[in-house]
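This report goes through one protein structure, part by part. Please look over the sequence and the model before reading on.

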Amino acid sequence: MASTDSQFIKLDFMPGIHRESTEYSEESKWYDSNRVRFREGKPENLRGYSKFGSFTLNGIPRHIMTWSDNNTRPYQAIGTNTNLYVVQNETLYDVSPIISVVSVSSNFQTFSGSSLVKVSINNHTLEVPDRILFEGVDTFANIDINGIRSVVSVSGTNHFYVVASTSANSNTSDQGTTGNIQYLFKVQQTDDIQGLGYGAGAYNAPRVSSTGWNAPSTQSSIIFLANQWSFDNWGEDLLAVSRGSKLFYMDTDASTTPTRTVIITASPSCNSFLVSPNAKHVVCYGSKEFANDGDPAAKINNMVVRWSSQANFNDWTPTAFNTAGEVELAEGSRIVGAIRSRNTINLWTDRAMYTQQYVGSPFIFRFTQVGSNCGLIGPHAAVDYDGASFWMSENNFFAYDGRVQTLPCPIRRKVFEDFNHTNQAKVYAGINSEFKEIIWLYPLANSPEPNAYVIYNVEERTWVYGKLFADGITTAFENKNVYSNTLITGRTSAAGDMYVWNNEPSNTYTGDGQPLVSYIQSAPFDLDEGKQMMFANRIIPDYTLGTGQAVNFSFKVRNYPNGTESEKGPYTINQNTNKVDVRMRGRQAAIRVSGTNTGQWRWGAVRLAVQPDGER
């Protein structure tokens with residue numbers, strides 16, 4: 001039994017995770033967690049996830065968008081570095097656009113016993129692993145090559161190899177009559193690449209110590225950007241852009257199932273786009289300029305905003321009779337991203353924030369710089385929640401509700417000190433409206449892809465962090481606008497398949513059917529203000545636990561902040577636990593609560609019985 005001299009102290013910590021200072025100075029606060037959120041100031045475990053459909057995705061998803069057509073059929077658009085997909089009725093369709101078509105006749109060579117096929121096309125421009133669609137080609141040497149094939153090898157500029165579904169029964173050449181080859185959307189790189197080698201540096205630029213005359217540059221400001229996607233709706237239809245491409249369009253009425261997107265040839269090449277909220281202009285961010293439309297070698301101007309005429313995505317030439325136009329922004333080196341807000345568009349360069357507001361002719365849009373030193377870290381790192389914009393920059397979090405303000409973040413140092421800035425463009429922001437949360441998926445320092453999250457609760461103003469998949473990656477996030485759950489894209493292990501996942505389905509606390517680990521740990525707290533040695537002998541739990549669920553308590557006890565730490569526990573608590581007897585002594589302690597659960601747990605008003613103790 002507890003001594004009559006014992007007093008009960010309530011283990012009541014400040015909501016959210018706090019790590020901006022030393023562990024000891026964060027007394028009375030939670031210090032570390034994984035798969036935990038706060039509701040009404042109390043921590044609880046996140047719900048789990050399950051596969052959306054049985055299909056897998058090729059490549060790494062960079063964007064996901066959901067919408068419904070005029071017949072209320074739900075859709076998902078998913079862009080990876082290899083494919084553009086649309087999901088309808090839990091069925092995956094490859095809607096990647098056809099870039100060009102080449103007629104073929106007697107262009108194939110086979111090798112007896114091998115499924116390898118040599119294809120001869122002059123100046124084909126294909127690379128490994130580009131995809132091509134063969135149609136209408138006659139069978140030859142037991143091989144039917146029709147369908148989508150990937151380039152597995154290239155021999156010069158006139159020959160490449162693909163793999164057929166069957167092996168050839170003879171050596172042949174000049175085979176296959178009629179038919180055509182359709183070049184599909186090219187496979188894109190997954191990482192930003194710094195341009196190096198001869199000529200990579202600026203003319204007459206200062207040399208670095210490792211570079212001499214006639215030597216390749218080892219540093220440069222030239223960056224070949226990785227694949228990114230932008231999606232938006234044109235009514236019930238889909239518009240899409242892969243960074244650097246023209247617009248792609250899919251008409252939902254063209255077929256009962258999604259058809260391949262087509263290229264809007266009149267549109268400029270651009271990095272991203274939106275459909276304006278007021279007057280239905282398609283607005284491109286980082287665009288080829290109008291003056292260079294006739295020059296196929298002209299580059300995209302990363303600071304140009306260009307828009308189509310009203311309600312016409314085929315009209316991009318400014319005239320006295322339309323509303324097409326363009327403007328070049330001033331502060332920054334490139335436009336990073338843009339989102340719609342209340343009757344306006346908010347957009348960011350790498351250094352500043354602008355608003356874009358429709359004002360009508362003759363200027364069409366007014367651009368106002370509203371902030372500096374608050375640039376966007378990646379194209380999908382900003383969201384709009386209830387008329388306010390939230391975003392991540394290279395070293396902080398910001399909000400805009402009429403003025404730019406820095407978000408107080410008690411885990412900012414934790415996030416940005418363990419961050420892979422080389423792959424910062426892959427940061428992905430999402431909204432979980434059920435819990436009034438903003439989530440950012442980001443890459444830890446040892447990961448090339450987003451494998452961690454940081455969550456901000458807009459109403460309770462609490463922050464948490466962790467990993468949704470213990471060993472995998474999570475690359476995109478979509479709110480429950482159309483479907484009954486939020487959706488994420490990712491894989492649960494380093495070598496696993498890529499799926500779309502139902503995130504946090506109701507009453508689901510497992511991960512693809514398996515128990516999930518969650519924990520939360522406090523900073524050290526003083527027992528009796530640390531004035532004397534204290535002896536703790538009892539825990540009075542107060543938890544909400546699902547049927548059959550349990551959590552584990554453990555304590556880390558010290559006599560001094562830098563003294564030797566001893567661990568007590570773990571002690572298991574379930575629905576039937578009224579008290580737990582413990583034996584520990586010290587001036588300060590930290591508590592850790594963990595569970596491997598298939599159901600819910602929620603922290604309440606837990607109490608600890610302590611009494612003065614001697615120095616022995």
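The sections below cover the basis of the model, its strands, its cores, its salt bridges and some single residues.

## Basis of the model

This is a predicted model, in which local features need pLDDT of at least 70 and side-chain atom pairs count only at pLDDT 80 or more, while totals for chains, interfaces and linings use all residues. Residues are numbered from 1 along each chain as its sequence is written, and side-chain values use heavy atoms, with hydrogens and water left out.

## Strands and pairing

Helices (H or I, at least four residues) and strands (E, at least two) are DSSP runs, numbered from the N terminus. Two strands pair if DSSP finds at least two bridges between them. An open sheet is built from four strands in the order β22-β23-β24-β25, and the pairing is antiparallel. Its edge strands, β22 (229–234) and β25 (262–263), each pair on one side only. Inside this sheet, three bridges connect β23 (residues 237–242) and β24 (residues 248–250) in the antiparallel sense. Across this pairing, Leu238 stands opposite Met250 in β24.

Another antiparallel pair is formed by β32 (residues 352–360) and β33 (residues 364–372), over eight bridges. A hairpin of three residues joins β32 to β33. Tyr358 stands opposite Phe365 in β33.

## Nonpolar cores

A nonpolar core is a set of buried Ala, Val, Leu, Ile, Met, Phe, Trp, Tyr and Cys residues joined through side-chain atoms within 4.5 Å. Buried means under 20% relative accessible area, exposed over 50%, and partly exposed in between (1.4 Å probe, protein chains only). The largest nonpolar core has 96 residues, and the members that touch the most others are Phe390, Phe397, Trp440, Phe553, Ile591 and Trp603. Apart from it lies another core, of 20 residues, which includes Phe108, Phe134, Val162 and Ala168.

What is Trp603 in contact with, leaving aside its neighbours within four places in sequence? With contact taken as heavy atoms within 4.5 Å, the partners of Trp603 are Leu11, Phe13, Trp30, Lys42, Pro43, Asp542, Tyr543, Phe553, Ile591 and Val593.

## Salt bridges

The whole structure holds 25 salt bridges, each being a side-chain nitrogen of Lys or Arg within 4 Å of a carboxyl oxygen of Asp or Glu. One of them joins the side chains of Asp232 and Arg340 (2.5 Å, N to O). Asp232 is in strand β22 and Arg340 in strand β30 (residues 335–341), so this pair ties together parts 108 residues apart in sequence. Asp232 is buried, because its relative accessibility is 5%, whereas Arg340, at 33%, is partly exposed.

Asp386 and Arg342 form a further salt bridge, with the closest N and O atoms 3.3 Å apart. Asp386 belongs to the loop between β34 (382–385) and β35 (388–392) and Arg342 to the loop between β30 and β31 (344–349), so parts 44 residues apart in sequence are tied together. Asp386 counts as exposed at 63% relative accessibility, and Arg342 counts as exposed at 56%. In the salt bridge of Lys426 with Glu449, the closest N and O atoms are 2.9 Å apart. Lys426 is in the loop between α1 (412–417) and β38, and Glu449 is in the loop between β39 (437–442) and β40 (452–457), 23 residues apart. Lys426 is buried, with 6% relative accessible area, and Glu449 is buried, with 5%.

## Single residues

Asn432 lies in strand β38 (residues 428–432) and is buried, with a relative accessible area of 4%. Leaving aside neighbours within four places in sequence, Asn432 is in contact with Arg37, Glu437, Phe477, Asn479, Thr486 and Glu504.

Gly179 sits in the loop between β18 (172–175) and β19 (180–184). At 22% relative accessibility, Gly179 counts as partly exposed. Beyond its neighbours within four places in sequence, Gly179 is in contact with Ser103, Val104, Glu135, Gly136 and Val137. The C-alpha atoms of Gly179 and Thr492 are separated by 41 Å, and the two residues are 313 residues apart along the chain.
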